[in-house]
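Work through the exercises below with the model open. Try each task before reading its solution.

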Amino acid sequence: MRRSNNFNNRTKEMAISVSAVTLLLMVLAYTANSQPATFDITKYGAVADEKTDSVQALTSAWNEACASPTPSSILVPPGNFLLGKTALKGPCKAHLDFQLQGTFKAPADPSSLGDGWITMDYVDSFSMSGGGIFDGQGETAWGQNNCHKDPKCKALAVNLRFNFFKNTMITKVTSLNSKNFHINLIGCGNFTFKEFNITAPAESLNTDGIHIGKSNGINIIDTHIGTGDDCISLGDGCQNINITGVTCGPGHGISIGSLGKYPGEEPVTGVFVKNCTFTNTDNGVRIKSWPALSAGTVADVHYEDIIVNNVSNPVVIDQMYCPWNQCNDKEPSKVKISNVSIKNVKGTSFTPTAVKLLCSSSIPCEGVEMSDIDITYAGAEGPAKSECTNVKPTITGTLNPPGC
């Protein structure tokens, strides 16, 4: 049975990878074989003086490119362009390419941006590249970011929102110093980040790198993320997520959840995290759900070939996640976690508890496999240890630290 499950998991992982490769080949073929019309934002009034707002110029270029019946390209040439709150909408008639060679800078004052700086909606067949930067200028906003403590907080701007995008490739672009999350994906499919870069300091509160919700077939490949919250966070409704070759640090790791906070959350299934490195992060790989509250499911999650360097919590399942005492932690989580494999995790822990699997007492974790774990701790509190409750993992190969 285990051999069959492993075969099915590998087959799914290969299918996800093939979809990413197919999308890349499609974009390359489009680039090589087409001579698309180019819509340069400077032809529409954009000026690289960091003073002239480029919203109207970008929106006009986008609308004309989007209406083109043949593939087209939007060009942001080198230079620093001020850009206020922007909404770019599809659907578009043909493939749309976005060449960001320069830098877009958000207004430093967050008051004019609401919960999103640049929002893009309903596009099928899209690519973005060019080596440019989306600079959220978030330094002035981080001190105002208290949403982790105050449910009635004032929303701060996400750098880039992609809503209902299909068949998309984003490569060699940087998101810098967002005021809130850097990237937010909702309702997306067959969407790939490759050689993407996210940069913000550790003290930038709530600046998740890439947050994904209710999306299917998302690939994050050969990407560096350093930020003040989760490098990658997966909300409910995520399916077939492939994360490969990601380096994370600073940040809070790669997290599924938190889940179970709201009624009607959709299942999370088919998450593959492979060949990733975490350095000086709060967590490595993590699944988290709230106690009490609402039901949900997490299944078919696989971590493999993970390196942790001085990570505070390298391996975590936390079904008592209750930050700032915003919940009833006396009742167990109603989120069911099953079919999770954790294989070939090596490196060092900043704290003595290197492996922490705290599952729900009412719905224990099932089908957890651990293989070839070798995490050391060199601090004054003795050798590394594990903490496991309401779970009986299947263990093969090395298990250091022991205890589960």
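**Exercise 1: a strand residue**

Solution. Apply the cut-offs: buried is under 20%, exposed is over 50%, and partly exposed is in between, with a 1.4 Å probe and protein chains only. Next, find the element: I186 belongs to strand β11, residues 183-186. Strands are DSSP runs of E with at least two residues, helices are runs of H or I with at least four, and both are numbered from the N terminus. Now list the contacts, meaning heavy atoms within 4.5 Å. Skipping residues up to four places away in sequence, I186 touches F162, N163, F164, G213, K214 and S215. Last, check a C-alpha pair: I186 and G237 are 51 residues apart in sequence and 9.5 Å apart in space.

A note on the source: this is a predicted model, where local features need pLDDT of at least 70, side-chain atom pairs count only at pLDDT 80 or more, and totals for chains, interfaces and linings use all residues. Residues are numbered from 1 along each chain as its sequence is written, and side-chain values use heavy atoms, without hydrogens and water.

**Exercise 2: an annotated residue**

Task: Which residue does UniProt list for "active site", and what does it contact?

Solution. Read the record: the unreviewed UniProt entry lists H252. Such annotations may be inferred rather than shown by experiment. Locate H252: the loop between β19 (247-248) and β20 (254-259). Classify H252: its relative accessibility is 22%, so H252 counts as partly exposed. Leave aside neighbours within four places in sequence. H252 then contacts G228, D229, D230, C231, D282, N283 and R286.

**Exercise 3: a loop residue**

Task: Is K392 buried or exposed?

Solution. Take the area: 81% relative accessible area makes K392 exposed. Then the site: K392 sits in the loop between β28 (385-389) and β29 (394-400). Then the distance: K392 and C404 are 12 residues apart in sequence, and their C-alpha atoms are 7.3 Å apart.

**Exercise 4: the whole chain**

Task: How many helices and strands does the chain have, and what is its radius of gyration?

Solution. Count elements: 2 helices and 29 strands. Check burial: 54% of the 404 residues count as buried. Finish with contacts: among those between residues at least 6 apart in sequence, 77% join residues at least 24 apart.
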